[in-house]
Amino acid sequence: TEVDKKDAKRLVLERLNAFLMAHEGEEDLGLRLRGQQLTAGLRFASIVREGEYHLVIANPPYQGTSRMKNAGYITKQYPRGKSDLYAAFLERGLDLCRPGGASAMVTMRSWMFLSGFTTLREHLLQTYDLRVVGDVDRGAFEEIPDEVVATTMSVFRKAPPVLESSVGLQPTPLD
């Protein structure tokens, strides 16, 4: 029998949950801990739905996809953000928002300037409503020594761009 994507996801999640419940009292501590981690991941996968959330907030991982084992997935699903994982998250956050919802993220600031992110920048600015951008530069994380991570905060609304002005902040002095 043919199964559509939604039913296939539901069936896989149900069967994995049943397997994990049957083995939750496992004597092997490593297996039990991996099972608990998998259970948490399955719970998350079962609640994440596209176009469902009023607000998505994230500080995604900053990692060049060239170092990723499964970079092909990012390249295929998020070609505009394929060079760094955080850039793919910028798009994914908006996928998860319902119409009129917002995605707020702290990311590397390079998407705003580097030519490799031109198509991502154009897509975001032509498709969504940028409400706030805060160019924090190297002042976002006190716990990171030598200020090596240059970041920005952005809030995009899942709606067409509007004529009213967006808010731009630059709390870190240029010097």
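A residue counts as buried here when its relative accessible area is under 20%, as exposed when that area is over 50%, and as partly exposed in between (1.4 Å probe, protein chains only). S103 is buried on that scale, because its relative accessible area is 4%. Welcome to this predicted model, in which local features need pLDDT of at least 70 and side-chain atom pairs count only at pLDDT 80 or more, while totals for chains, interfaces and linings use all residues. Residues are numbered from 1 along each chain as its sequence is written, and side-chain values use heavy atoms, with hydrogens and water left out.

**The chain as a whole**

- Five helices and five strands make up the elements of the chain; helices (H or I, at least four residues) and strands (E, at least two) are DSSP runs, numbered from the N terminus.
- Read from the N terminus, these elements follow the order α-α-β-α-α-β-α-β-β-β.
- Of the 175 residues in the chain, 31% are buried.
- Contact means heavy atoms within 4.5 Å. Among contacts between residues at least 6 apart in sequence, 67% join residues at least 24 apart.

- The five strands form an open sheet in the order 1-2-4-3-5, with mixed pairing. Strand 1 and strand 5 (167-169) are the edges, and each has a single partner strand, so one side of each is left without a neighbour in the sheet.
- On average, neighbouring strands of this sheet are turned by 5° against each other, direction ignored. Axes are lines fitted to C-alpha atoms, for helices over the stretch in contact, and angles run from 0 to 180 degrees between N-to-C directions.
- In general, strands of a sheet pair through backbone hydrogen bonds, either parallel or antiparallel. Two strands are taken as paired if DSSP finds at least two bridges between them.
- Strand 2 and strand 4 are antiparallel and share seven bridges; A104 has V155 of strand 4 as its bridge partner.
- Strand 3 and strand 4 are also antiparallel, with seven bridges.
- Strand 3 (residues 129-137) and strand 5 run parallel and are joined by three bridges, and G134 has L169 in strand 5 as its bridge partner.
- Helix 4 lies across strand 1, strand 2 (97-108) and strand 4 (151-157), and runs at about 160° to strand 2.

**The largest pocket**

- Rolling a probe the size of a water molecule over the atoms shows where empty space is left.
- On a 1 Å grid over the protein atoms alone, a pocket is an open set of points where a 1.4 Å probe fits, with protein on both sides within 12 Å along at least five of seven lines, whereas a cavity is a set from which the probe cannot get out; lining residues have an atom within 4 Å of a point.
- The largest pocket holds about 600 Å³ of space. Grid points are joined across faces, edges and corners, and a volume is the space filled by probe spheres set on the points.
- Its lining has 21 residues, and V48, Y78, F89, R92 and L96 lie nearest the centre.
- Helix 2 (29-47), strand 1 (53-58), helix 3 (71-77) and helix 4 (85-96) each supply at least two lining residues. Helix 4 gives the most, with six.
- By type, the lining has 16 nonpolar, two polar and three charged residues. Ala, Val, Leu, Ile, Met, Phe, Trp, Tyr, Cys and Pro count as nonpolar, Asp, Glu, Lys and Arg as charged, and the others, Gly among them, as polar.

- S103 lies in strand 2. Leaving out residues up to four places away in sequence, S103 touches V56, G93, L94, C97, S154, V155 and F156.
- D137 belongs to strand 3 and stands opposite T151 in strand 4. D137 counts as buried because its relative accessibility is 15%. Beyond residues up to four places away in sequence, D137 touches R109, V149, A150, T151 and T172.
- H123 sits in helix 5 (residues 118-127). With a relative accessible area of 18%, H123 is buried, and R80, E91 and Y128 are the residues H123 touches, not counting those up to four places away in sequence.
- S110 is found in the loop between strand 2 and helix 5. S110 and A87 are 23 residues apart in sequence, and 9.4 Å separates them in space, C-alpha to C-alpha. Neighbours within four places in sequence aside, S110 is in contact with Y86 and F117.
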